[in-house]
Amino acid sequence: MALATILWVDDEIDSLHSHILFLQNKGYEVNAMTNGLDAIDFVKENPVDVVLLDETMPGISGLETLAKIKEANQQVPVVLITKNETENLMDEAIGRQITDYLIKPVNPNQVLLSLKKIIDNKRLVAETTTTAYQQQFRELFTTLNSNPDYTEWMDLYKKLVYWELEMEKSNSPEMQEVFQTQKQEANTEFFKFISKNYVKWVSPKSADAPVMSHTLLRNKVFPNLEKGVPVFFVLIDNLRLDQWKAIQPVFAQSFRIQAEETFYSILPTATQYCRNAIFAGLMPAEIQAQFPNQWKNDDEEGGKNLAEEEFLRAQLKRMKMDQLKTSYTKVLNHQAGQDLVNNILNLMNNDLNVIVYNFVDMLSHARTEMEVLKELASDEASYRSITASWFEHSPLHQALKKISDKKITIVLATDHGSVRVKTPYKVIGDKQTTANLRYKHGRNLNYEPKEVLAFRDPKEAGLPVPTINSSFIFARGDGFLCYPNNYNYFANYYRNSFQHGGVSMEEMIVPVIRMVGKG
């Protein structure tokens, strides 16, 4: 069986007999045509893997033939072979979606290389990826077992995300399974690491802690403020590092990416805790103490993130930066997104513009409620894909493109990530126990200690004490917390859904990116 079917179109095809013979000896089936009209008919009636097309032919030209071939089969790759190296020809050919081009005279190896690049690309990339990961596996395993610190954990997670994305190119289910097992082991060790160090990090006296939610603005946003250069702090809700990697190419078209870093989300990795901490520059217990009327616990009525702008302005005042001209925009629906597109240029007059965009969180919550989204986002790869598709066509992308040629700085971050849950854990609690799947607080909680990170005194973790004797528990890895009532129903319903609030690399190690306009 031939490696691939090639159609070679050239009015001087007889002079290419040795080239055709060379390709046939390499295992390709080559069909030869001397004019564009015959080639178009052949593509309409026969399966073809690649077309090699001469640009200069009598009668219908190469570019005209290309257009007709694409009408007949838009997906077929076409390699244009030409004597003409003029820029306008190349522009037109690329505009008409050629896959590659070769300059005459061509030698057989040039043609072979082009075919391999087009036909064998996926197979060769998959094989190389699998081999490279096998070589890196031991190195990652060694790092995992060498007691990494918080910086090394961020680096380790970046490497795991890199390999997860690379593994998408691999057609080896076995290697993908090996990778998933390694990531699971990493999350087990990460849980131990967080259990051991978290209290120390969030202590007011801590001298050595990573950048976390409550120190994000102070460390990653405010230092970028300079006169005459507006800073846009864009917070996309619930954006994992791998999802950032999925939308990064879209940003790179319009902006120069200067730094790709990560920081640690506080616990619970849930919007009302993390995002309020970001804007207040305080841990949740401190927010409750300083803003008792604005802070609401899980079991209290009313919106939990309604005071973000007030918290932001209080932090700016505390930092003696309240003289800055600042705007705050929250986008909760498509119409608000369109309003942002229309208003974005007016924001250029401010020193600091905060834009909170809620889409990804809506997606992750809807993921558990809507069957169509369960189909669309059934695993990490499809979750990344749906995020990339959303961003590319979103009002946020349209708005940012409008200022991409300006002298600006953008700091893009998130409040927390999410994890695909697979393992149900039983928890018993009283009526005051919260319903969250990845964390719970309440009195008289009954649980398996090894399955959760527990704080009997929430103040230790910088958290409010909702009721006397309340404790907090956080699920580890891919676990989720279910009550014994209707246990099997809820375990099956939520399994494989994306949740947040607990302890995992995906939820806690999240992106913060700095970029500037290409202008």
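Predicted model: local features only at pLDDT ≥ 70, side-chain atom pairs only at ≥ 80, totals over all residues.
Which residues do ring pairs link into a cluster? I started there and found Tyr-198, Tyr-273, Trp-295, Tyr-439, Phe-455, Phe-472 and Phe-474. Rings of Phe, Tyr and Trp (its six-membered ring) pair if their centres lie within 6.5 Å. By this rule I get 32 aromatic pairs.

Residues are numbered from 1 along each chain as its sequence is written, and side-chain values use heavy atoms, with hydrogens and water left out.

Next I looked up charges over rings (NZ of Lys or CZ of Arg within 6 Å of the ring centre and within 35 degrees of the ring normal). Lys-426 has its charged end over the ring of Tyr-487, 4.8 Å from the centre. For Arg-476 I found the ring of Phe-191, with 5.4 Å to its centre.

Then I turned to helices (DSSP runs of H or I, at least four residues, numbered from the N terminus). H2 (residues 36–45) packs on H3 (residues 62–72) at about 10°, with the axes 9 Å apart; axes are lines fitted to C-alpha atoms over the stretch in contact, and angles run from 0 to 180 degrees between N-to-C directions. H2 and H3 are therefore roughly parallel (angles under 35 degrees). In contact (heavy atoms within 4.5 Å), Gly-36, Ala-39, Ile-40, Val-43 and Lys-44 of H2 meet Thr-65, Lys-68, Ile-69 and Ala-72 of H3.

Notes: Phe/Tyr/Trp six-rings, centres within 6.5 Å; stacked < 30°, edge-to-face > 60°. Helix = DSSP H or I, 4+ residues; strand = E, 2+ residues; numbered from the N terminus. Parallel < 35°, antiparallel > 145°, perpendicular 65-115°, else oblique.
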